[in-house]
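Take the model below from its overall division down to single side chains. The text follows that order.

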Amino acid sequence: MAWTALSGLVPVYPLYALLFLDTGLSAAQVSGLFALWSLTGLLAEVPTGVLADRWSRRGALVLAGLLEAAGFAVWTAAPGPVAFAAGFVLWGVGGALVSGAAEALVYDGLAAAGAEDAYLRVHGATTATELLVQVPTALLAGVLVVAGGYPLVGWASVAVCLAAAALATRFPEPPSTDDGEPEVPLRTAAATALRRPGLWPVLAAVALLGGLDAIEEYFPLLARDEGVPTALVPAAVLVVALAGAAGAALAGRVGRLPARALPVLLAVSAVLLAGGALVAHPAALAAVAVSYGLYLAVLVVGEARLQEQVPGTVRATVTSVAGLGIELASLLVFAAWALGGAVAVAVLFAAVVPVTWSALRPTPRPGAVPDLC
C-alpha cells in the first residue's frame, strides 16, 4: 500500500497534459502522444509479463520505477515534441512492467497465506489508494508549479519515482503457485495460459473495461473546458479522483451483487459521463465524478474475476495479455475524444455494457450454488 501511494505521488501527473499544451503542442498532437504511449505499452505488455513470471515480479516493479524516472528526466531536461515522445516510450515500458507484475505479486502473496478470497477487497483498496493519493499529489503539484514552474515539477517527479523503485526492493516475493500446471516454456507461456476454458470472455471484458480508463487522461482538459482556471485544474479534478476511490473501495460489496448488476452500473456511468460533458459548467464535473466511481467499481470486480481463473505460474503473463487488450481499447478512447470529446467516449462506455452482461460472473467454488441472477 505504501508503494502504491508513493508511486502515485508524482507531481507531474495532474499537469503533463497542460505542460504539452503550454509548450506549444496542439490538442491533436497531445492525443498523438497518448496514442504513442498506448502503442508502446501494447508492444511491451506480454514480453514484460513473461519477464516478470520468469525473472522476478519484484524486480519488474523496481525497473518500472527507474524507467519512469528516466522518462520524466527527459521531459524536464529538453521539453519538446521529441522529448515528450521519448519519455512516453520509457513510461510505456515501465507501465507494462507494473501492469502484470503488481497484481500477480499481490494475488500470490495472498494465496501463500491462504487468503485468495480477500483479493477483491485488497485490490479495491489498492485501487482506491492510487486515486486518493491524487489529493496530496495535486496539492504538491500546485505548490511546485507556482514555486518553480514545470522544471521543478519535473525534477521532483524524478525523485519520487526513484524513491518508489527503492521501496519496491523491499517487497517480499513468494514463489508463484503452480496450480497443478506443468512448467511452461518461455516462448509458449501466454498461449498455454490462454487455452484455459472460460478465460477468454473474462479477458475480453477486462480489456475493454480497462481501456475505458484512458478517459482519466482527459479530466484536466475537460475541467478547463468547463471553465476552471488552469491553476485550479489539479484541485478541480480531485472530485473525480475521490469518487473513483470510493467506487474502487466499494468493489468488494459490488462484487457480491448479482452479476447482471454490473452492466447496469456501467450503463448508468455512460449516461452520467455524457450528461456531464454536455453541460458547460464546472458543476458538471460532479456527474463525471459519479460516472467514474461507478465505472471503477465494475472494473475492479472484473480484474478480480480474471485473477480467479489464472494459473499462478503465468499470472503476470496473462495479466499482461489483458493489459495488451487494454492498450488496444484505449486507442478507441483517444480516437473518440479526438472526434467527439467526452460524449463520444460515453458512447464507448455504453458499447461495452453488453460485453459485461455475462462475462463477469463469480467463479463457482466446489459445492457452491451458481449465481443464476
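Into which domains is the protein divided? The two parts are domain 1 (1–169) and domain 2 (186–360), with bounds that come from an automatic or database domain assignment. This is a predicted model, in which local features need pLDDT of at least 70 and side-chain atom pairs count only at pLDDT 80 or more, while totals for chains, interfaces and linings use all residues. Residues are numbered from 1 along each chain as its sequence is written, and side-chain values use heavy atoms, without hydrogens and water.

Taken over C-alpha atoms, the centres of domain 1 and domain 2 are 18 Å apart. Their contact (heavy atoms within 4.5 Å) takes 43 residues from domain 1 and 47 residues from domain 2.

In soluble globular proteins, nonpolar side chains tend to be buried together. A nonpolar core here is a set of buried Ala, Val, Leu, Ile, Met, Phe, Trp, Tyr and Cys residues joined through side-chain atoms within 4.5 Å; buried means under 20% relative accessible area, exposed over 50%, and partly exposed in between (1.4 Å probe, protein chains only). The largest such core has 92 residues, and Tyr16, Phe20, Phe34, Trp75, Phe88, Tyr295 and Phe349 touch the most other members. Helix H16 (residues 315–359) gives the most to this core, 14 residues; helices are DSSP runs of H or I, at least four residues, numbered from the N terminus. Each of domain 1 (1–169) and domain 2 (186–360) supplies at least three residues to the core.

Beyond its neighbours within four places in sequence, Phe349 contacts Leu212, Ile215, Leu266, Ser269, Ala270, Leu273 and Tyr295.

Terms used
Helix = DSSP H or I, 4+ residues; strand = E, 2+ residues; numbered from the N terminus.
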